[in-house]
Amino acid sequence: MMEAKSTLLDGMVIFAHVVQSSSFTDAAEITGHSTSYISKEVSKLESRLAVRLLHRTTRSLSLTPEGELYFEMAKQIIEDAENIENTIIGKQGEPQGLLRISCPISYGLSRLSPILSDFTARYPKIQLDIDLNDRKVDLIADRFDIVIRATTQLEDSTLVSRRITQSEALVLASPGYLAKHGTPQHPYQLDRHKIISYNNIKHPNIWQFNDHNGELIQVHLDTHVLTNNSALEIDLAVADQGILRVPRFTLKDELTTGKLVELFADWPKPAIGVYMVYPSRKHMSLKVRSFIDFVMEALGD
């Protein structure tokens with residue numbers, strides 16, 4: 001067995017507190033040490049590793065590339081150590097700690113929010129930090145444990161994904177808009193209409209359809225409004241401002257009440273998968289595993 005250096009873990013927990021709090025002062029308060037002690041421990045860690053882990057200015061801290069790598073690995077080591085300790089003292093590895101999740105706004109409000117109270121009741125020692133945001137975050141650089149993504153196709157990456165469910169993309173408009181501008185009978189006729197489009201995709205001014213023979217149709221659009229928020233898209237469409245295409249899960253009662261009507265209802269609808277994305281199955285922490293299993297139980301197909 002390889003002999004570990006006695007200094008191997010020195011400064012690791014202190015460094016993790018500094019990164020998570022983005023402050024030497026806050027890390028000092030959390031750990032009960034002085035700010036100067038915290039600063040010296042991080043400096044000693046950098047000296048031992050012979051790399052700079054943090055960029056320091058008078059107003060901010062940021063990780064260097066080496067710091068990002070060290071933090072991600074150190075975080076897992078710390079969580080594993082906590083789980084070992086909890087098991088030894090009889091807690092049987094109870095899931096705990098801060099769990100950082102990023103989720104699209106519409107899915108977070110319509111699907112995730114209703115189940116969170118049950119999750120926190122089942123796992124009271126897990127603290128949730130949930131970022132509802134429609135931008136595409138960087139799971140590693142932004143230090144999320146899990147990212148939920150809704151997309152027609154996940155990009156190739158080294159990350160692991162688990163599909164929660166699948167939704168349909170619907171083309172919709174209000175009766176008022178259609179009464180004024182006419183109802184398109186074919187996707188190609190969309191180029192004559194005001195389009196409300198979602199801009200967090202590669203080509204927001206191009207909508208793709210498959211016809212009844214499976215042939216791909218691409219329609220180039222005259223975009224009237226671009227936005228990164230589906231709730232705003234829907235509000236604008238209800239206000240007779242144009243035609244939009246959104247996943248079914250973003251809707252509340254707009255279809256059932258007739259505020260919006262579906263166009264091309266007999267055409268094949270693009271499938272939008274909703275996925276949980278996370279760094280690795282290897283050495284997965286209990287808190288991450290618990291959340292994934294809970295979401296699949298509550299929302300999975």
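Predicted model: local features only at pLDDT ≥ 70, side-chain atom pairs only at ≥ 80, totals over all residues.

Q: What makes Phe-119 and Tyr-123 a tilted pair?
A: Two values decide this one. The ring centres of Phe-119 and Tyr-123 are 5.1 Å apart, and rings pair if their centres lie within 6.5 Å. Their planes are at 50°; under 30 degrees would be stacked and over 60 edge-to-face, so the pair is tilted.

Q: How do you know that Phe-119 is buried?
A: The relative accessible area of Phe-119 is 1%. The limit is under 20%, so Phe-119 is buried.

Q: Why is the pair of Phe-15 and Tyr-70 called edge-to-face?
A: Here the ring centres lie 5.5 Å apart and the planes meet at 70°. The distance is within 6.5 Å and the angle is over 60 degrees, so this pair is edge-to-face. A search of the whole structure gives eight aromatic pairs.

Q: What makes this pair a link between distant parts of the chain?
A: Phe-15 sits in helix α1 and Tyr-70 in helix α4, 55 residues apart.

Q: Are Phe-15 and Tyr-70 buried or exposed?
A: Phe-15 has 0% relative accessibility and Tyr-70 has 15%. Buried means under 20%, so Phe-15 counts as buried, and so does Tyr-70.

Q: Why is Ser-290 called buried, and where is its place?
A: Ser-290 has a relative accessible area of 8%; with the cut-off at under 20%, Ser-290 is therefore buried. Its place is in helix α8, residues 286–299.

Q: What does Ser-290 touch, leaving out residues up to four places away in sequence?
A: Ser-290 touches Pro-95, Phe-119 and Tyr-123.

Q: Which residues touch the most other members of the largest nonpolar core?
A: The core has 26 residues, and those with the most contacts to other members are Tyr-107, Ile-148, Ile-164, Met-276, Phe-291 and Ile-292. Elements that give two or more residues include β3, α5, β13 and α8. With seven residues, α8 gives the most.

Q: What is Ile-292 in contact with, beyond its neighbours within four places in sequence?
A: The contacts of Ile-292 are Ile-146, Arg-162, Met-276, Tyr-278 and Met-284. A second, separate core holds 19 residues, among them Val-18, Phe-24, Ala-27 and Ala-74.

Q: How much space lies in the largest pocket, and which residues are closest to its centre?
A: About 1600 Å³ of space lies there. The lining has 49 residues, and Ala-150, Thr-151, Thr-152, Asn-200 and Ile-201 are the closest to the centre. β5 supplies the largest share of this lining, five residues. By class, the lining divides into 23 nonpolar, 16 polar and ten charged residues.

Q: What lines the second largest pocket?
A: There are 22 lining residues, with Gln-20, Glu-79, Gly-97, Leu-98 and Lys-287 nearest the centre. The pocket holds about 520 Å³ of space. The largest share of its lining, seven residues, comes from α4. The classes in this lining are seven nonpolar, eight polar and seven charged.

Key. Residues numbered from 1 in each chain as written. Heavy atoms only, no water. Helix = DSSP H or I, 4+ residues; strand = E, 2+ residues; numbered from the N terminus. Buried < 20%, exposed > 50% of the residue type's maximum accessible area, 1.4 Å probe, protein only. Contact = heavy atoms within 4.5 Å. Core = buried A, V, L, I, M, F, W, Y, C linked by side-chain atoms within 4.5 Å. 1 Å grid on protein atoms, 1.4 Å probe; cavity = no way out; pocket = protein on both sides within 12 Å on 5 of 7 lines; lining within 4 Å. Points joined across faces, edges and corners; volume = space filled by probe spheres on them. Nonpolar A, V, L, I, M, F, W, Y, C, P; charged D, E, K, R; others polar. Phe/Tyr/Trp six-rings, centres within 6.5 Å; stacked < 30°, edge-to-face > 60°.
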